[in-house]
Amino acid sequence: MMKHQAAPYFSFSGEAKEALDYYKEVFEGEVLAVQTFGEADYPSPPEIADQIMHAHFKKGELSFMMSDSFPGHQPTVGNNISLVLELESEEEIDTYYRRLTEKGTVVMDLQDTFWGAKYGKVKDPYGICWDLNYTKK
């Protein structure tokens, strides 16, 4: 079963790069990955090409991810943080997705993604968003 802790995922309205630089300075950690919308193999409007589609920050046990939001999906306080679960198997992601959707609301259907993972996002009945990710071997 799941061995990893949930990792926070922060959503921004165009300030992700600025926030990432700020957190790097504050916590003196390492940026493990950064990809802009323009670098990704995913259709996106040209005006967000330089914005962050995904970034990962780590300092010791502190680990979080972030991105700028797609136009029309601007975050507000309360929906700007979700919890990412990196799962160990297809069976595990299917199980958690099924359980969460029984009483929760699907934000993004469970599906194969361009980044080589099976992914889905569900808001639970208490308003917490869960990003379920299984990176295929």
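User: Where is Val26?
Analyst: Val26 sits in helix α1; helices (H or I, at least four residues) and strands (E, at least two) are DSSP runs, numbered from the N terminus. This is a predicted model, where local features need pLDDT of at least 70, side-chain atom pairs count only at pLDDT 80 or more, and totals for chains, interfaces and linings use all residues. Residues are numbered from 1 along each chain as its sequence is written, and side-chain values use heavy atoms, with hydrogens and water left out.
User: Why does Val26 count as partly exposed?
Analyst: Because its relative accessibility is 43%. Buried means under 20% relative accessible area, exposed over 50%, and partly exposed in between (1.4 Å probe, protein chains only).
User: Sheet next. What is the strand order?
Analyst: The order is β2-β3-β4-β1-β5-β8-β7-β6, an open sheet of eight strands with mixed pairing. Two strands pair if DSSP finds at least two bridges between them.
User: Which strands stand at the edges?
Analyst: β2 (30-36) and β6 (105-112) do, each with a single partner strand, so one side of each has no neighbour in the sheet.
User: How many bridges join β2 to β3?
Analyst: Six, and β2 and β3 (residues 52-59) run antiparallel. Val34 has Ala55 in β3 as its bridge partner.
User: And what does α1 lie across?
Analyst: β1 (7-12), β2, β3 and β4 (62-68), at about 5° to β3. Axes are lines fitted to C-alpha atoms, for helices over the stretch in contact (heavy atoms within 4.5 Å), and angles run from 0 to 180 degrees between N-to-C directions.
User: Which strands does α2 touch?
Analyst: Helix α2 (residues 90-103) touches β6, β7 (117-123) and β8 (129-135), and its direction makes about 165° with that of β8.
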